[in-house]
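Please consult the sequence and the model shown below.

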Amino acid sequence: MESAGATGPAGADGAQASKRAKEGSRIRSRRLWRRGKAKASRLVHSMDLRTMTQSLVTLAEDNMAFFSSQGPGETARRLSSVFAGVREQALGLEPALARLLGVAHLFDLDAETPANGFRSLVHTARCCLAHLLHKSRYVASNRRSIFFRTSHNLAELEAYLAALTQLRALAYYAQRLLATNRPGGLFFEGDERLTADFLREYVTLHKGCFYGRCLGFQFTPAIRPFLQTISIGLVSFGEHYKRNETGLSVTASSLFTSGRFAIDPELRGAEFERIIQNLDVHFWKAFWNITEIEVLSSLANMTSANVRVSRLISLPPEAFNMPLTSDPKLTVTISPPLAHTGPGPVLVRLISYDLREGQDSEELNILAKSEGPRSLELRPRSQQAPRSRSLVVHIHGGGFVAQTSKSHEPYLKSWAQELGVPILSIDYSLAPEAPFPRALEECFYAYCWAVKHCALLGSTGERICLAGDSAGGNLCFTVSLRAAAYGVRVPDGIMAAYPATLLQSAASPSRLLSLMDPLLPLSVLSKCVSAYAGAQTEDHSNSDQKALGMMGLMRRDTALLLKDLRLGASSWLNSFLELSGRKAKSAAPTSEPMRRSVSEAALAQPEGPLGTDSLKSLTLKDLSVKGSSEATDTPEMSLSAETLGPSSASDVNFFLRPEDGVDEAEAREERGAKDRGQGVRAAFPEGFHPRISSQGATHMPLFSAPIVKNPFMSPLLAPDNMLKTLPPVHIVACALDPMLDDSVMFARRLRCLGQPVTLRVVEDLPHGFLSLAALCRETREATELCVERIRLVLTHPAPAAPPPL
């Protein structure tokens, strides 16, 4: 007994010591892995592409030979096969990337701003190659160790091989864009049939590999845990959505507790791909609005700056007069929003770090709207701060379909503290219930109201900056264009973060990145733009959508009700078509569907030189030979396409020189005919076959309605004389954002016109980094850059315009 008693604890101690040794080995292994990943990241910048490829190929061949000699086992065979695949894809990808790198500089804004979609695509591929290079080195060094986790390393290698294969396909697509587009053009300029074929083929590519183990590999490491949490929440929310539960019935905790998605990256990736391809815009509206659940919004506000004023204000739908900038003795009437649903109030949120004069006035208190116990953060104070000389008018993003000022309140509070000025954030109506131009009308109305009543907002209004992100950036541009059209005061400057300037289903090298972007997949972008355009599409509901039960019936009935209201609300159409005090020559009869009225009748114009409706076939190509109307002295301008009347070709020719137009057009016509004969997939070399999605055909609206080409919807398509009315523009874009090319091409257009414009591109961050401002050092620095650009508008006179390119 004594012997047994002495031996037992000793055996237990030995087992514990062995367990501690194993745990210590795992800890050291994780440390080595983290150090190795940091080293892999440095390789992206320190190694040239050819050296990186050669090193990877050498390691792949060594590992392939080793595992081929390990016998007929299944695991060894798969490891040998995956390294053979890495070798093949790396050798095929390197020359394609080298060709893109050789011409990428031709698409930059200037030498100080080396950024465009071609560079971003090459950088993303280099990140994938660097990760595989590090993993191959790790395998070569540890493949004989007893602690080598064979299954884990095999799964990761297979995932990154799939990603590398898809990136090779994107490189070939980018080469096709390079061959098809005009010199300097980033957007696909094939005819509409070829564009449709290109996009339909592109969306069939397999995407799940980018949403599993490889999720966010291209971003800064601090972002990846957040993206993983969001992806788990997304697929969990998708399950609730399939079970007929609305977003309001889903608690925050239930979204992130689906363990099987957390422990099985491949399952999560497959489900993520299914969701982005099959669920409609209503799902994304519900998911993106999760941040406004009371628990989450309260947590976000706890970590944000404390401000003296944060109150919701309801602007009554009453017309008022504004002085003309050309002659302040004359005024123009600013009507309340009318589109689709008739006159209605516009909600805005006033945020101020200090309580300033006017912000607690009786007149403003009458307009204040209660949000509940936390809505009014206004507290009495013995002494008020004087009015600020500046004011920021903010327009939030959310794809035109989701979010409000409340979603963006955390970083707006920080802005109010750092800038020391009041901020007015506009809560515009959202699509698909309120498509274009309702949001633009509301934002313009609220902007004009703020200019007229800035004293109530705690500002003298000496300097006014329009600021917005994503869809909000688009609205900042179009609000300013409309202010100039009306002849009223335009803002002193615009700060737009990662804005969307071309709301069309057009391909560009940066938009190819949407294949792997967890926040902006191309099919989701297309659904949001389609909703904002009000395009009616056929019923492509799958079994998941048909299973929505009562929720789906309510949505259908609501849509029918809104359609009836829109058909009856024709009064807005006359105002929408009014130009220089004259009504449009024709309007669609009310018996037609409303979307026909908006997208075609509202944009009708006299026949062009060829005797056809010039807008119905307007493309980026046409902008090199079609022009804009002459500048008007009248204070009021329609949002319709009549703003694109006859003009000279040089007015809007921002893709090529006029003297090159004829020859280039003929060459493009020959290429287009050749492309249609060969098919888009002719871009792939013989023997290369990218992975195809298992989700089947994706319905992605490829709309040709003239409304999406309206310059008040796609400011990149605005004629020169409209863009010349913009104030100094400061754009902050993301290098890995599918919308990067929107920013680059818009900045290039303004630069060519001699307009003051700056473009700063932040590295390794996703679209929407403003909402992640508190997440890590990189997002904080990017947010500070936006604040710096706003401060430039508020404190400095307009900079001298650089010479045109």
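Are F67 and F83 buried or exposed? F67 is buried, as is F83, where buried means under 20% relative accessible area, exposed over 50% and partly exposed in between (1.4 Å probe, protein chains only). The model is predicted: local features need pLDDT of at least 70, side-chain atom pairs count only at pLDDT 80 or more, and totals for chains, interfaces and linings use all residues. Residues are numbered from 1 along each chain as its sequence is written, and side-chain values use heavy atoms, with hydrogens and water left out.

F67 and F83 form a stacked aromatic pair, 6.3 Å centre to centre with 5° between the planes. Rings of Phe, Tyr and Trp (its six-membered ring) pair if their centres lie within 6.5 Å; planes under 30 degrees apart are stacked, over 60 edge-to-face, and the rest tilted. Y498 and F769 form an edge-to-face pair at 5.1 Å and 70°; Y498 is buried, and so is F769. The whole structure holds 22 aromatic pairs.

## Cysteines

The structure contains zero disulfides (pairs of cysteine sulfur atoms within 2.5 Å). For C127, the nearest cysteine sulfur, that of C128, is 8.7 Å away. C127 counts as buried at 14% relative accessibility, whereas C752 counts as partly exposed at 37%.
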